[in-house]
Amino acid sequence: MDHIKKTKSQLLKEIQQLRSELVDVKLATEKRAKELHIIEERLSLVMRGATDGLWDWNLETDEVYYSPRWKSMLGYEESELENRLDTWVRLVHADDRNMVLGKVQDYLEGRIHSFEIEMRMRHKKGHEIFVLSRAFLVTRESDGKPVRLVGTHVDITERKNAEVFDDQHNKILEMIAIGRPASEIYDAIALMYETRHPGLRCSMLELSHNKLMHCCAPSLPREYCDAVHGLENGPNVGSCGTSTYTGQRVLVENIETDPKWEKIKHLALPHGMRCCWSEPIRDSRRRILGAFGMYFNYPALPNKAQLNDLISAARLAGIVMERDQIQKHLHTLAYIDPLTGLANRACFFQHIEQIIKSTAQQNPRQALIYIDLNDFKGFNDSLGHEAGDLLLKNISERLLNICCESDYIARLGGDEFCIFLTEGEENDAARVAKRCLDTITQPIEIYSRKLIPACNIGIAYYPDDGKDLSALLKAGETSLYTAKKSGINHYAFYNVDLTHQAEYRFQVEQNLREAIEKQQLSLVYQPQIKIDTGEIFGVEILSRWFHPQLGQISPIDFITTAERIGMIKPLTEWALRTACYQLVAWKKDGRLTPRIAVNISPTLFLDKELVSLIKHIITEAGIAPFELELEVTEGVVQTDPRNLSIFQDLKDLGVLLTIDDFGTGYSSFASLKHLKVDFLKIDKYFVDDMLVDKKALTLISSMIEMGHKLGYGIIAEGVETVEQLNILKNLGCETVQGYLFSKPVSASKISKLLNCASADPPIFQLKSLGYSA
């Protein structure tokens with residue numbers, strides 16, 4: 001019994017102790033609850049001040065507490081969102097959902113030691129905001145099991161947008177630096193600011209020749225962009241037109257009611273545009289290049305951020321637009337002929353190369369039409385370079401009018417034009433060439449003078465005549481040369497044989513300059529014979545050129561080339577000096593010394609230094625002026641005062657003058673009466689035919705008679721038979737030269753002939769040739 005009483009007593013004590021402990025626990029719990037309440041109140045106050053949204057996820061029930069700030073951050077009232085996990089699942093961006101949940105799982109399972117993540121969430125108005133979420137884990141004390149995940153949401157949209165804007169801005173600067181096309185950069189600028197301001201649509205217009213040209217508007221309808229493209233600039237042409245016209249910022253709150261939009265609002269309103277703000281685009285020198293426009297679908301004026309972006313957008317566009325205009329100007333200088341506006345040589349060659357590369361597989365037949373105006377230099381010299389420029393502009397306009405859009409026209413320089421076309425039908429190139437001839441040769445009036453231009457045209461085909469640019473151009477130039485040989489206003493096709501001739505001419509040209517400078521040419525002499533006595537009356541000097549690789553080169557080839565490349569003067573000076581010193585050498589040897597005849601090129605005849613050059617050589621060599629005879633073709637026998645004065649100066653000097661190749665040129669008989677010359681030289685052309693052609697004989701007879709009546713001596717060249725000699729004698733010709741007597745020979749052989757003449761004149765026993773006096 002005592003044992004039982006003792007046990008009851010102990011139980012009562014334990015019960016009293018437990019009651020005491022329960023009271024302590026209750027008091028502690030109440031205190032703890034008060035403390036927690038105070039902490040929650042303080043946290044709530046802190047969250048309000050920090051504008052953070054609080055969320056508390058019960059991991060056991062999936063209930064989630066969302067604070068009022070959390071909801072308002074997404075545009076919702078407190079009562080509009082349920083405290084469920086599904087609410088968050090529905091609002092988070094689909095692309096971010098799994099990433100966030102995965103990180104939550106890693107945090108709950110201890111694989112990561114903190115939770116912080118950025119995500120996108122959908123705002124009630126439909127746009128997205130960026131949120132920074134941080135959280136900490138609440139565990140149960142008894143078993144350490146996670147029971148709650150408590151965290152905050154911070155709206156970092158502004159920061160993220162700034163980062164995106166900076167990235168886009170840097171990319172645009174990089175695009176500018178590496179030279180991306182302006183159109184790409186304009187789009188990037190517009191999209192950058194449109195991303196920054198939801199609902200914004202941007203456009204850029206460039207001012208060109210007082211017209212507004214559409215540059216960029218990636219979010220505006222194409223119909224609207226096409227409608228405003230090319231509008232005449234003015235004070236009431238919408239916001240952008242007014243801005244470029246006045247140079248001032250233009251902020252239109254309502255397009256429908258603003259007078260600046262009165263004329264063109266019907267273009268904007270159907271597409272939902274209700275307000276438009278425009279800033280002038282300027283270059284580094286403050287010149288107006290265009291305008292940057294911002295549109296919204298509701299009437300409004302810009303807030304501070306929008307206004308700042310409008311200004312900065314226009315400045316950035318100005319950098320791009322100025323660079324683009326500079327590049328276009330440089331391209332124009334490099335590839336466009338400034339006079340005619342056509343493509344220049346470099347651009348034309350580049351175009352042909354691109355066409356050849358792009359059509360290499362199809363191998364279509366394409367034609368190069370090479371046009372060269374005749375006597376353009378003479379036109380310039382007579383009327384002046386300004387008149388020449390007007391002619392070139394007119395010719396280019398005529399060519400543009402007769403060619404198709406697919407034909408590519410260029411001015412290669414000077415008086416040369418080219419057309420490159422694809423021949424759809426056979427003979428298309430010939431038809432175009434014929435149209436070119438017809439239109440170019442139409443009369444034109446310049447400075448009140450009516451003129452008729454002339455030209456020649458060469459035609460070469462790709463790939464038939466040349467499989468690359470170089471070969472095709474070479475073929476075109478060769479065919480042009482062929483057309484010129486046919487006379488003015490002709491066109492000709494390429495012939496492969498002509499290429500060899502062109503290559504030969506090129507080699508002659510390349511080597512001739514050195515040959516003249518190093519005096520690698522030689523002279524030969526052909527005697528001129530007095531018919532009545534058979535004595536050597538004179539010798540005509542003729543140039544010869546033997547090249548180690550090219551062989552004997554025809555005088556026709558190298559003299560023509562010398563005239564073309566400007567070497568005829570040093571060639572003539574060398575020939576004159578050599579011939580005069582040869583005459584002196586014959587004199588010293590005691591031989592009979594005939595006069596020497598030297599041909600003077602028509603291109604050299606008008607050289608102002610010709611007379612002084614001849615006088616210098618005569619004096620230097622020590623010969624009498626009358627011992628030198630100068631032969632000039634009748635092409636220079638004109639009534640031009642310059643020609644007449646040179647003839648007079650030469651006669652005053654005392655040299656003899658002969659009109660060479662008489663009867664074959666274009667001289668005027670009227671001009672002969674003004675000239676003081678000594679001889680007319682009848683060309684071989686007439687002498688060859690006079691035995692079989694009565695007309696040729698009549699012409700020779702007339703020329704001899706006319707020459708005598710004008711007081712000129714007569715020389716006939718190309719005499720090869722006794723019959724020709726007899727007829728010329730009977731017609732009254734005094735002097736002859738030709739193969740009947742001697743081919744052109746070296747100075748040493750002429751020396752032997754002169755020796756014979758000294759010993760037993762006359763040198764040529766004409767009777768032994770069958771000649772009857």
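This report describes the overall composition of a predicted protein model and then several of its local features.

The model is predicted, so local features are given only at pLDDT of at least 70 and side-chain atom pairs only at pLDDT 80 or more, whereas totals for chains, interfaces and linings use all residues. Residues are numbered from 1 along each chain as its sequence is written, and side-chain values use heavy atoms, with hydrogens and water left out.

**Overall composition**

The secondary structure of the protein chain comes to 26 helices and 27 strands; helices (H or I, at least four residues) and strands (E, at least two) are DSSP runs numbered from the N terminus. Of the 773 residues in the protein chain, 44% are buried. Here buried means under 20% relative accessible area, exposed means over 50%, and partly exposed lies in between (1.4 Å probe, protein chains only). The accessible surface of the chain is about 41,000 Å², and carbon and sulfur atoms contribute 52% of that surface; areas come from the Shrake-Rupley method with a 1.4 Å probe, and for residues only the protein chains shown count as cover. Among contacts (heavy atoms within 4.5 Å) with a separation of 6 or more, 61% are between residues 24 or more positions apart.

**Helix α20**

Helix α20 covers residues 610-621, and its end C-alpha atoms are 17 Å apart, in agreement with the 16 Å that its twelve residues should span at 1.5 Å a residue. The expected span is 1.5 Å times one less than the number of residues. The buried residues of α20 are Leu610, Leu613, Ile614, Ile617, Ile618 and Ala621. They lie on the same side of α20, because they cover an arc of only 130 degrees around the axis; the arc is that of the directions from the helix axis to the C-beta atoms.

Met703 belongs to helix α24 (residues 694-709) and counts as buried because its relative accessibility is 9%. Beyond its neighbours within four places in sequence, Met703 is in contact with Phe662, Gly663, Ile682, Phe686 and Ile714. One of these, Ile682, is 21 residues from Met703 along the chain, with 8.0 Å between the two C-alpha atoms.

His197 is placed in the loop between α6 (182-196) and β6 (201-208). With a relative accessible area of 11%, His197 is buried. Not counting residues up to four places away in sequence, His197 touches Phe296, Ala305, Gln306 and Asp309.

**Surface patch**

Ile326, Leu330 and Leu333 make a nonpolar surface patch of about 300 Å². Leu330 is located in helix α10 (residues 304-335).

**Backbone geometry**

Most residues other than glycine have a negative phi, and most peptide bonds are trans.

| Residue | Phi | Relative accessibility |
|---|---|---|
| His209 | near 50 degrees | 78%, exposed |
| Asn210 | near 65 degrees | 37%, partly exposed |

A cis peptide bond with omega of about 5 degrees joins Tyr462 and Pro463. Pro463 lies in the loop between β17 (455-462) and α15 (469-485).

Technical notes. Patch = residues over 30% accessible without salt bridge, like charges linked within 9 Å, V, L, I, M, F, W, Y side chains within 5 Å. Salt bridge = Lys/Arg side-chain N within 4 Å of Asp/Glu carboxyl O.
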